[in-house]
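This report describes a predicted model. Please look over the sequence and structure shown here before reading on.

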Amino acid sequence: MDLLPIDDFCTLPAAALPVHLMEFDELFRRQVSVPRRIGRHRVEFTFANADGLYAQVSDLVARESGCCSFFEFTIEQRSQPSIEDQLVLRVGVPERYGDVLKALLDRAVAAIDKAGR
């Protein structure tokens, strides 16, 4: 899978980028539904709320915010009687980084397809 188009603004060392993206790919394979756009520059990813997932996602987005500070992340835990508990990750970017969000969305769709969902 291609890397994200972030060469001009990401402060993560180039050697660390493939490992970092692999972490996102592993997370995205755990999605319970296809990611959805919730705005022009915002996407929502939904996961089954497994033990430790909140901490894992929090750590990953904290590190991502450290190297690509333009991302806006929110994490929400949902508990509803009619559905399995879920963890929702919302990702937003300023308009000028729309291509980066699209690349992240494409990675997420590819990962869920690979997982057979």
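## Helix 1 and helix 3

In this predicted model, helix 1 spans residues 17–28 and helix 3 spans residues 98–114. Their axes lie 8 Å apart, and the two helices pack at an angle of about 50°. The crossing of helix 1 with helix 3 is right-handed.

On the helix 1 side, the contact is made by L21, F24, D25 and F28. Helix 3 contributes L104, R107, A108, A111 and I112. Sorted by class, this contact has seven nonpolar and two charged residues, and no polar ones.

## The largest nonpolar core

The largest nonpolar core has 26 residues. Within this core, F28, F45, F47, F71, L89 and V91 touch the most other members.

At least two core residues come from each of helix 1, strand 2 (42–48), helix 2 (53–67), strand 4 (83–92) and helix 3. Helix 3 supplies the most, with six residues.

## Two residues and their contacts

F47 is one of the core residues that touch the most other members. Setting aside neighbours within four places in sequence, F47 is in contact with L27, F28, R30, Q31, V32, L53, D85, Q86, L87 and L89.

H20 is part of helix 1. Its relative accessible area is 6%, so H20 is buried, the cut-off being under 20%. Not counting residues up to four places away in sequence, H20 touches L12, L60, R63, E64 and C67.

Methods. Residues are numbered from 1 along each chain as its sequence is written. This is a predicted model: local features need pLDDT of at least 70, side-chain atom pairs count only at pLDDT 80 or more; totals for chains, interfaces and linings use all residues. Side-chain values use heavy atoms; hydrogens and water are left out. Axes are lines fitted to C-alpha atoms, for helices over the stretch in contact, and angles run from 0 to 180 degrees between N-to-C directions. Helices (H or I, at least four residues) and strands (E, at least two) are DSSP runs, numbered from the N terminus. A crossing is left-handed if the near helix is turned anticlockwise from the far one by less than a right angle, and right-handed if clockwise. Contact means heavy atoms within 4.5 Å. Ala, Val, Leu, Ile, Met, Phe, Trp, Tyr, Cys and Pro count as nonpolar, Asp, Glu, Lys and Arg as charged, and the others, Gly among them, as polar. A nonpolar core is a set of buried Ala, Val, Leu, Ile, Met, Phe, Trp, Tyr and Cys residues joined through side-chain atoms within 4.5 Å. Buried means under 20% relative accessible area, exposed over 50%, partly exposed in between (1.4 Å probe, protein chains only).
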